[in-house]
Amino acid sequence: MVRTRPQARPTTPGANEAYYQGVHYLSQSSADGRAVEAFRRALALDPDHVGAHAGLARGLLAQGFLGAITHQEARSLALFEVNRALELDPDSAEAEAALADLRFYYDWDWVGADRSYRRAIALNPSFARARSQYARYLAAAGRGDEAIAEAVRAAELEPTSASAASTRALMLYYARDYQGALGAIGHALQLESGSAGAYFVLSRIDAARGAIGEAVVANERALAIAGDGAGNAWRANLIRLRALSGATAEARAELARLPGEI
């Protein structure tokens, strides 16, 4: 028996406008908080908007991963949104990609995550965000060449996305191609000069190539742009960089002030 996709349902123009704003913010590398707000506005106008449920899940998961909210809160809220999206449309590529993120980052369900990423891409081969996230999964799984290929394809599909460009840079960084990574992250910053996420990736690249002072500056820039939305992982990395630079007293003082979980 072949299952047909549900018929497209009408929605309010305001809900779609908020949804597309959320999608735009997710294409940036440091706007997950604004994306969450936009998707919530869309759902206030249309509670059955599949894309907004899936997008909200992805934004919440990203906030939890960075430490803006707790992992437990992120997983619980995102799982509700994913389940609702899949209930409304079992063949939603966006919802399947969000489920893959949840399985990868929060449940460490490697087999399930791989299956969901591949299914999301099969449902929508042009879904750049799913390919970028799959690249991160592949890198963690030790499949570096595949990770780079997916990241490159994502950047080709969404050439104006700073997030896709940053992911490509990160994959090259993992491959220890630091010059290639610098070029890719430079492109991300050309696309979005105020990208906290891109500056954080830059700090990791600089540290790996031994430019600790430059890495400190880039990490500081990431935190300054992100403000209250910065996660503890970014603050912890700056503490590590300060220690490596020889500023151990300052690093210890900042470590004592670090709140919450890392």
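User: In which hand of crossing does α3 pass α4?

Analyst: This is a predicted model, with residues numbered from 1 along each chain as its sequence is written, and side-chain values use heavy atoms, without hydrogens and water. Local features need pLDDT of at least 70, side-chain atom pairs need 80 or more, and totals for chains, interfaces and linings use all residues. Helices are DSSP runs of H or I, at least four residues, numbered from the N terminus. A crossing is left-handed if the near helix is turned anticlockwise from the far one by less than a right angle, right-handed if clockwise; α3 passes α4 in a crossing that is left-handed.

User: Are α3 and α4 roughly parallel or roughly antiparallel?

Analyst: Their axes, lines fitted to C-alpha atoms over the stretch in contact, lie 8 Å apart. The packing angle is about 160°, on a scale from 0 to 180 degrees between N-to-C directions. Angles over 145 degrees count as roughly antiparallel, so the pair is roughly antiparallel.

User: Which residues of α3 meet α4?

Analyst: Contact means heavy atoms within 4.5 Å. The α4 side includes His71, Glu81, Arg84 and Leu88. The α3 side is Val50, His53, Ala54, Leu56, Ala57, Leu60, Leu61, Gly64 and Phe65.

User: How far apart in space are proline 90 and valine 50?

Analyst: Proline 90 sits in the loop between α4 (71-88) and α5 (93-107). In sequence, proline 90 and valine 50 are 40 residues apart. Their C-alpha to C-alpha separation is 10.0 Å.

Methods:
Helices (H or I, at least four residues) and strands (E, at least two) are DSSP runs, numbered from the N terminus. Angles under 35 degrees count as roughly parallel, over 145 as roughly antiparallel, 65 to 115 as roughly perpendicular and the rest as oblique.
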